[in-house]
Amino acid sequence: MLARRRHVYFAMMSTCIGLFVLAWGVVRLWSVPVAVGMCVVAMVIPPLAAVVANRRGPDDRWWDDPSGDPKSDEWWNELDGKKPRQ
């Protein structure tokens, strides 16, 4: 899951940089409004990429510290295949 999120993040950020470079290196020669529109689209991509990269997967566990509830900790340890702390 983590590798897939990294690949998607890399693809989104590459698209963002590509849009900026194409907008001001090529497209502005024909149409400045289209180049500005491309930059607006590129401006929206980084926050979305951060959300995608930090999204929790179905198998991810966010907190590895014990919660303080012995029943819950025992249950999580069983699911994770960890031995209980002595």
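Ala 35 is in contact (heavy atoms within 4.5 Å) with Ala 23, Trp 24, Val 27 and Arg 28, when residues up to four places away in sequence are not counted. The model is a predicted one, in which local features need pLDDT of at least 70 and side-chain atom pairs count only at pLDDT 80 or more, while totals for chains, interfaces and linings use all residues. Residues are numbered from 1 along each chain as its sequence is written, and side-chain values use heavy atoms, with hydrogens and water left out.

Ala 35 lies in helix 2. Its relative accessibility is 0%, so Ala 35 counts as buried (buried means under 20% relative accessible area, with a 1.4 Å probe and protein chains only). Trp 24 is 11 residues from Ala 35 along the chain, and the C-alpha atoms of the two are separated by 6.4 Å.

The protein chain contains three helices and zero strands, in the order α-α-α from the N terminus. Helices are DSSP runs of H or I of at least four residues, and strands are runs of E of at least two.

Of the 86 residues of the protein chain, 16% are buried. Among contacts with a separation of 6 or more, 47% are between residues 24 or more positions apart.

Conventions
Buried < 20%, exposed > 50% of the residue type's maximum accessible area, 1.4 Å probe, protein only.
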